[in-house]
Amino acid sequence: MNGFHLSRYAIISSHTYHDKKNGQQYRLLYLSKAARVFILPLNTVDKLASGNLEDIDSIVLNSFENTGIMTIQSAEQELTDVLESLQPNLSRRVFVLMPTAACNMDCQYCGQQHSGFGWSQEIEETVLKRVTAAAADTHTSAVEIRWYGGEPLLAFDRMMRVSKILISSCREHGTSYHATISTNGSLLTPEVIDDLYFSAGIKHITVTIDGYGESHNTSRHMKNDAPTYEQIVGCLKTTAKRSASYPDLLITARINITKRDAPHITSLLDDLAPLSSFSGFNIQFSPVYDWGHSNSNIMLTIEELRHCTDKWLQDSVNRHLRTEILPTSIRHDTCIAVGQNKELIGPLGSIYYCTEHPLVPRYDPACSLGPVLSDSSPRPSGPFDSLHANLLTHQSRCRVCKFLPGCGGGCPIRWKEGIQKCPTFITSLEERFDLLAKTASLSIA
């Protein structure tokens with residue numbers, strides 16, 4: 001394999017791991033451009049790392065070439081390919097729909113200013129024209145709907161009505177349809193989940209839970225002071241027991257991390273442990289940052305966040321709860337700000353390129369791209385549509401980072417504001433490797 005060498009996106013664990021069953025030693029290799037982890041014999045890894053390929057079996061070498069572990073490309077050529085893979089798929093139209101400006105919670109860290117406003121009948125009709133036109137467009141292969149708020153379930157009837165029309169339109173034109181919802185969970189019941197899944201075609205529900213019990217009830221304060229923790233977690237547990245009825249449903253428990261809630265996360269994981277029997281359930285740890293206003297008084301430091309996240313990941317694995325240890329997919333679409341195939345339609349009918357803009361005085365209405373359109377044309381251009389193409393010439397650490405494929409460069413708005421926050425796994429890579437090894441029944445040698 002003359003000219004082949006280890007990919008710039010291949011990261012090898014420093015630790016060696018032992019398999020008690022066969023007595024063999026291994027190291028882990030994470031190929032970020034494929035978002036895959038490989039368990040390789042120690043002697044093979046040593047030869048790979050040193051470039052001594054002559055003694056590696058030809059069949060093994062061919063498999064390394066096919067998977068991308070070995071490449072003949074230069075570092076610059078690999079970067080170009082990765083950036084091309086991160087480009088948005090323009091045939092997949094993504095509509096983040098925000099039918100109401102209302103929310104029944106008053107979370108301290110939220111930058112939105114809620115009200116009773118929502119789509120008028122005229123706006124709803126224009127939204128339907130917009131999305132059905134996209135579904136009918138011969139250049140569209142898929143339509144993805146992301147229900148968002150405020151609290152979208154406060155517009156439940158409208159969601160159901162709009163969803164049925166969009167599903168019918170996509171079916172008529174042979175266009176793939178996928179729908180998700182982000183909710184505070186306060187209005188979830190088994191009956192609502194049935195309606196979301198069977199009638200609205202929603203196959204991924206993200207529910208935010210901040211810590212255990214009163215920690216959650218205090219952090220995610222209801223405007224009527226009603227507690228919600230027991231109701232939300234109880235509904236999730238009921239759904240898990242009925243999971244056979246929802247063969248392709250995914251539920252993500254998004255845990256927003258603040259100084260106040262951090263001490264209660266392990267207790268939350270204890271309470272969520274029975275959900276490990278539901279293969280569609282997973283945990284996502286999401287640090288709070290400045291969402292339209294300063295949250296510096298409740299944010300963890302980078303070092304605190306790294307230490308806590310490593311512990312919570314370990315806690316999750318010990319409880320057989322699914323969570324992402326290292327990225328398991330390429331960030332093809334970093335966020336809706338990148339690419340004119342994605343747009344948010346706000347409660348007053350304006351188009352936005354970022355989920356953090358609507359209802360946030362710092363950005364709204366200044367960052368609106370205008371009123372919702374009624375045809376299938378791309379979203380009006382925004383400032384970050386060429387983000388990844390610009391990385392070819394922009395001298396940044398993302399350009400040389402081995403983890404760019406799974407990170408996508410992070411939040412474009414944070415870039416613009418001069419804040420570049422890398423994901424915590426980059427600074428705790430060995431801890432993540434050790435945890436992955438544990439899930440494969442390997443121990444540090």
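**Helices, sheet and cores**

Guide: Let us start with a helix pair. H8 and H9 pack with their axes 11 Å apart, at an angle of about 40°. Keep in mind that this is a predicted model.

Visitor: What makes H8 oblique to H9?

Guide: The angle is about 40°. Roughly parallel needs under 35 degrees, and roughly perpendicular starts at 65. The value falls between those classes, so H8 is oblique to H9.

Visitor: Which residues of H8 and H9 meet?

Guide: From H8 come Tyr-229, Val-233 and Lys-237. They meet Leu-268, Asp-271 and Leu-272 in H9.

Visitor: Why is H9 called largely enclosed by the rest of the structure?

Guide: Buried means under 20% relative accessible area. In H9, 6 of the 8 residues are buried, so the helix counts as largely enclosed. They are Ile-265, Thr-266, Leu-268, Leu-269, Asp-271 and Leu-272.

Visitor: What do the buried residues of H9 pack against?

Guide: They pack against H8, S11, S12 and H10. H9 (residues 265–272) also belongs to a right-handed β-α-β unit, together with S11 and S12.

Visitor: How do you know that S11 and S12 pair?

Guide: Pairing takes at least two bridges. S11 and S12 are joined by 7 bridges, and they run parallel. One of the bridge pairs is Ile-257 with Pro-287 in S12.

Visitor: What is the order of the strands in the sheet?

Guide: The sheet is open and has 8 strands, in the order S12-S11-S10-S9-S8-S7-S13-S14. Its pairing is mixed.

Visitor: What makes S12 and S14 the edge strands?

Guide: Each pairs on one side only. S12 covers 281–287, and S14 covers 351–352.

Visitor: How do you know that S8 pairs with S9?

Guide: Again, the threshold is at least two bridges. Here 6 bridges join S8 (residues 142–147) to S9 (residues 176–183). These strands run parallel. Trp-147 stands opposite Ile-181 in S9.

Visitor: Which helix packs on the sheet at S11 and S12?

Guide: Helix H10 (residues 302–318) touches both S11 (250–257) and S12. Its direction makes about 170° with that of S12.

Visitor: Which strands does H6 lie across?

Guide: H6 (residues 190–199) lies across S9 and S10 (202–208). The angle to S10 is about 140°.

Visitor: Which residues have the most contacts inside the largest nonpolar core?

Guide: Ile-145, Leu-196 and Phe-281 do, in a core of 90 residues. H5 gives the most to this core, with 7 residues. There is also a second, separate core of 14 residues, which includes Leu-31, Phe-38, Leu-48 and Leu-61.

Visitor: What does Leu-196 contact beyond its neighbours within four places in sequence?

Guide: Its contacts include Phe-156, Met-159, Met-160, Ile-181 and Ile-205. Leu-153, Leu-188, Gly-201 and Ile-202 are also in contact with Leu-196.

**Backbone and exposure**

Visitor: Why is Ala-35 called buried?

Guide: The limit is under 20%. Ala-35 has a relative accessible area of 11%, so it is buried. Its phi is positive, about 55°, although Ala-35 is not a glycine. The residue sits in the loop between S4 (25–31) and S5 (36–41).

Visitor: What makes Asp-225 count as exposed?

Guide: Exposed means over 50%. Asp-225 reaches 57% relative accessibility, so it counts as exposed. Asp-225 also has a positive phi, near 70°. Its place is the loop between H7 (214–219) and H8 (229–241).

Visitor: Why is Arg-397 called partly exposed?

Guide: Its relative accessible area is 45%. Buried is under 20% and exposed is over 50%, so Arg-397 is partly exposed. Arg-397 is in helix H12 (residues 397–400).

Visitor: Which peptide bond is cis at Gly-150, and where is that residue?

Guide: The bond from Gly-149 to Gly-150 is cis, with omega near 20°. Gly-150 lies in the loop between S8 and H5 (156–173).

Visitor: What is omega for the cis bond from Asp-364 to Pro-365?

Guide: Omega is near 15°. Pro-365 is found in the loop between S14 and H11 (387–390).

Methods. Residues numbered from 1 in each chain as written. Predicted model: local features only at pLDDT ≥ 70, side-chain atom pairs only at ≥ 80, totals over all residues. Heavy atoms only, no water. Helix = DSSP H or I, 4+ residues; strand = E, 2+ residues; numbered from the N terminus. Contact = heavy atoms within 4.5 Å. Axes fitted to C-alpha atoms, helices over the stretch in contact; angles between N-to-C directions. Right-handed = clockwise from strand over helix to strand, strands pointing away. Buried < 20%, exposed > 50% of the residue type's maximum accessible area, 1.4 Å probe, protein only. Core = buried A, V, L, I, M, F, W, Y, C linked by side-chain atoms within 4.5 Å. Parallel < 35°, antiparallel > 145°, perpendicular 65-115°, else oblique.
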